[in-house]
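Take a slow look at the whole fold before you zoom in. Then follow the text from the overall shape to single residues.

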Amino acid sequence: MPQNSIEVIGLRKSFKNMNVLKDVSFEVKRGEIFALLGSNGAGKTTTINILSTLLKPDSGTSVVNGWDVTENPDRVRQSISLTGQFAAVDEVLTGRENLILIAKLRGIFNPSEVTDDLLKRFGLTDAANKRAAVYSGGMKRRLDIAMSLVETPAVIFLDEPTTGLDPEGRLAVWKTVRELAGNGTTILLTTQYLEEAEQLADKIAFLHEGQIIVSGTLEELKKLFPPVKVEYIEKQPSLEDIFLAVVSKKEDLQ
């Protein structure tokens, strides 16, 4: 079994005259939480879409669970789960019906039991029998994430999973992500919330204007920041400080 669940080498993608990804390379170890940080338009969602077989790259190699994404897309799809930026729920169905439908499509042996567990985990038990159409945006988002976790695949892609969630919902997602990684699932998440990456990620990469400009653990990234300033107390740099400093340095060199 390969050590890396995801390997990306020289990934490039353009739309018309816009280069969205420019020679992107990274790897994610099995059971690791990998956070891809970047502002809007940096190429995060494009990267996720390529790795989940929704989009073909112009060039480069992407391997997920030992399968080449371009040459074996069906194999890749069978071993991953994806939560996109926008909730993809059937608003005609109730929350419970949405989950049971996905569980049956996935061939889950005990769909009702799995559904009840997910409803409880994401705080949707009281609204389980209401149509998803009457859910708030945050509730739809929680249901969408729950649907992607009906089955636990080898790799899960989460594209800005907590956008629009209230603090309670965000903490529930964080807890679930940690539990999944603890049981060996590999998770690649994109986020604009730097605190989220600090809380969850084993490794972090900054994607800026289609290129990964730096990557490493949080402790490794902190070493890129100037020495701690001593005023009345020691002030350690936050991940936001590091991100802004690195991006500014990159732009000064151009």
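Start with a definition: a contact means heavy atoms within 4.5 Å. Of the contacts in the protein with a separation of 6 or more, 65% join residues 24 or more positions apart.

This is a predicted model, in which local features need pLDDT of at least 70, side-chain atom pairs count only at pLDDT 80 or more, and totals for chains, interfaces and linings use all residues. Residues are numbered from 1 along each chain as its sequence is written, and side-chain values use heavy atoms, with hydrogens and water left out.

Now the overall picture. The protein has nine helices and 12 strands. Helices (H or I, at least four residues) and strands (E, at least two) are DSSP runs, numbered from the N terminus. The radius of gyration is 19 Å, close to the 18 Å that the globule rule gives for 254 residues, so the protein is as compact as a globular protein of that length. That radius is taken over C-alpha atoms, and the rule is 2.2 Å times the number of residues to the power 0.38. Along the principal axes, the C-alpha atoms fill a box of roughly 55 × 50 × 40 Å.

How much of the protein is buried? Of its 254 residues, 47% count as buried. Buried means under 20% relative accessible area, exposed means over 50%, and partly exposed lies in between (1.4 Å probe, protein chains only). The protein exposes about 13400 Å², and carbon and sulfur atoms supply 50% of that area. Such areas come from the Shrake-Rupley method with a 1.4 Å probe; for residues, only the protein chains shown count as cover.

Next, find the sheet. Six strands form an open sheet with mixed pairing, in the order β6-β7-β8-β3-β9-β10. Its edge strands are β6 (80-83) and β10 (211-216), each pairing on one side only. Two strands pair if DSSP finds at least two bridges between them. Neighbouring strands here are turned by 15° against each other on average, direction ignored. Look at β3 (residues 33-37) and β8 (residues 186-191): they pair in the parallel sense over five bridges. Ala35 stands opposite Leu189 in β8.

Helices pack on this sheet. Helix α5 (residues 137-148) touches β6 and β7 (155-159), and its direction makes about 175° with that of β6. Helix α6 (residues 167-182) touches β3, β7 and β8, and its direction makes about 150° with that of β8. Axes are lines fitted to C-alpha atoms, for helices over the stretch in contact; angles run from 0 to 180 degrees between N-to-C directions.

Turn to helix α3 (residues 95-105). Its buried residues include Gly95, Asn98, Leu99, Ile100 and Ala103. Among the elements that cover the buried residues of α3 are α4 and α5. After α3 comes Gly107, whose phi is positive, near 75°.

Finally, compare two loop residues. Is Ser52 buried or exposed? Ser52 is buried, with a relative accessible area of 4%. It sits in the loop between α1 (44-51) and β4 (59-64). Not counting residues up to four places away in sequence, Ser52 touches Ile80, Leu82 and Phe157.

Lys130 lies in the loop between α4 (111-121) and α5. Lys130 is partly exposed, with a relative accessible area of 47%. Leaving aside neighbours within four places in sequence, Lys130 is in contact with Leu93, Thr94, Gly95 and Tyr135. Lys130 and Arg96 are 34 residues apart in sequence, yet 8.3 Å apart in space, C-alpha to C-alpha.
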